[in-house]
Amino acid sequence: AEVWQKKIIGGLIKKDERVQTLLEFGCGTTRFTRWWKEIGIKASGGDLSPFMLGQGVHLFDGDLVLADSHFMPFRDNSFDALAFITTFEYYRDPVAVIREAARVGKYGIIFGMMNRNTPKYIRRRVQQLFGKNPFYVTATFYTPVKLIAIINKALEGMDYTIEWTC
């Protein structure tokens, strides 16, 4: 699954040649943050968890910051793009996070997330009911329509396009 995710995400981001720097928020142990460098993008990471970053600092040789995605400690247009890879589902105010990402990123935002309209979503919720998968208790999974509505609300009045694939 990870190979396929990286193929899709890499293909999308490489379409915009302006993207040379990227901030991945919710980078955790830097699994994807390390990968951005492999495809030629200078990446930095941010996360709310000191425990995850404590692991990431041993695995990643770039910049990492302990911060809340709702209040990113960066100047406007600090990065060419921002990425949220399987973390956006956990933000309490997704509109605020998108606005922050649009403020900090010059050219775009990348979302890697689970579509609510999939059998995988149903399987994980059933596992959760039986106490077998506690990782998604606080997650909000979005349909493409719902995510687009949130993006539209967050970026109201801005000129942007949305491209997505599965």
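Me: Rings of Phe, Tyr and Trp (its six-membered ring) pair if their centres lie within 6.5 Å, with planes under 30 degrees apart counted as stacked, over 60 as edge-to-face and the rest as tilted. How many aromatic pairs does a search of the whole structure find?

Reply: This is a predicted model, in which local features need pLDDT of at least 70 and side-chain atom pairs count only at pLDDT 80 or more, while totals for chains, interfaces and linings use all residues. Residues are numbered from 1 along each chain as its sequence is written, and side-chain values use heavy atoms, with hydrogens and water left out. On that basis, the number of aromatic pairs found in the whole structure is 9.

Me: How is the aromatic pair of F74 and F79 arranged?

Reply: F74, at 22% relative accessibility, counts as partly exposed, whereas F79, at 9%, counts as buried (buried is under 20% relative accessible area, exposed over 50%, partly exposed in between, with a 1.4 Å probe and protein chains only). Their rings lie 5.1 Å apart, centre to centre, with 85 degrees between the planes, and the pair is therefore edge-to-face.

Me: How many residues apart in sequence are the parts that F88 and Y142 tie together?

Reply: The ring centres of F88 and Y142 are 5.9 Å apart and the planes stand at 50 degrees, so this pair is tilted. F88 lies in the loop between strand 4 and helix 4, and Y142 in the loop between helix 5 (119–129) and helix 6 (helices, H or I with at least four residues, and strands, E with at least two, are DSSP runs numbered from the N terminus). F88 and Y142 are both buried, and the separation in sequence of the parts they tie together is 54 residues.

Me: Is T87 buried or exposed?

Reply: T87 is placed in the loop between strand 4 and helix 4, where its side chain makes a polar contact of 3.4 Å with the side chain of Y91 (N or O atoms within 3.5 Å, where within protein one must be able to donate a hydrogen and the other to accept it, and residues adjacent in sequence count only if both atoms are side-chain atoms). Leaving aside neighbours within four places in sequence, T87 is in contact (heavy atoms within 4.5 Å) with F25 and G26. Because its relative accessibility is 13%, T87 counts as buried.

Me: Which residue's side chain does R103 join through a polar contact of 2.9 Å?

Reply: R103 sits in helix 4 and is partly exposed, with a relative accessible area of 26%. Not counting residues up to four places away in sequence, R103 touches M72, F74, R75, D76 and N77. The side chain joined to that of R103 by the 2.9 Å polar contact belongs to D76.

Me: What is the bridge partner of L23 in strand 2?

Reply: Strand 1 is largely enclosed by the rest of the structure, because 4 of its 5 residues are buried. It runs parallel to strand 2 (residues 42–47), to which 5 bridges join it (two strands pair if DSSP finds at least two bridges between them). Within strand 2, the bridge partner of L23 is S44.
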